[in-house]
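This report concerns the pairing of charged side chains in one protein model. Please look at the sequence and the structure below before reading on.

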Amino acid sequence: MTQQVDFYLLPAAGAEAGEQFAARLAAKVYQMSLQVHVQCASPAAAQRLDDLLWTFSDDSFVPHELWQASDDPAPVTLGSIEQPLPEQAEVIINLSEQVCATPDPRIAEIVPADDPSKARGRQRYATYRDRGCELKMHTL
C-alpha cells in the first residue's frame, strides 16, 4: 500500500496559522475515530498546541495529551521531533520542517503562506515524491 501525504497550503503566513489549522485538522481526524499524532518542531511548540487545543473552539472538545509512551494514549497526541512517533498513530500531522520518517500512517503536511515555509514545503514534497508516496495538494 502506498503511503498518502496530503499537503495543506494555507492562505496565511507564520507558525500561528499552522498551529490553528493543525488544531482544526486534529479535531476533524478525531471525529473520524482515528488516532492522530501532531509532530511539532520543539517541546515548546507542542506545549503551545496543547494549550490551543483547550481553547480554539467553544463547541468541541478534543481529548489530547503530550506524547508519552503508554498502552492507552489519548486519541490525539502531541510531540516533538526529538521523540519517536507513537505506534498507534493512524494520521501524523506534521508541523515540523522535517520529513516524517514513518512508512505507515497517512501524513498531513501543513505549509503556511510565507516564502520560507513554502520553500521548505517544496523540499518535503520532493522527498516524499522520491519515496514513491501518493501526494495530494489542498489549497485552502
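The model is predicted, so local features need pLDDT of at least 70 and side-chain atom pairs count only at pLDDT 80 or more, whereas totals for chains, interfaces and linings use all residues. Residues are numbered from 1 along each chain as its sequence is written, and side-chain values use heavy atoms, with hydrogens and water left out.

A salt bridge is taken here as a side-chain nitrogen of Lys or Arg within 4 Å of a carboxyl oxygen of Asp or Glu, and by this rule the count comes to 7. Three of these salt bridges are listed in the table.

| Pair | N to O distance |
|---|---|
| Glu109 and Arg124 | 2.5 Å |
| Lys118 and Asp115 | 3.9 Å |
| Arg129 and Asp130 | 3.7 Å |

The salt bridge between Glu109 and Arg124 links distant parts of the chain, with Glu109 in strand E6 (residues 106-111) and Arg124 in helix H3 (residues 115-131), 15 residues apart. Helices (H or I, at least four residues) and strands (E, at least two) are DSSP runs, numbered from the N terminus. Lys118 and Asp115, by contrast, both lie in helix H3, 3 residues apart, which is about one turn of the helix.

Exposure is classed by relative accessible area, with buried under 20%, exposed over 50% and partly exposed in between (1.4 Å probe, protein chains only). Glu109 is buried at 0%, and Arg124 is likewise buried at 4%. Arg129 is partly exposed at 47%, and Asp130 is exposed at 63%.
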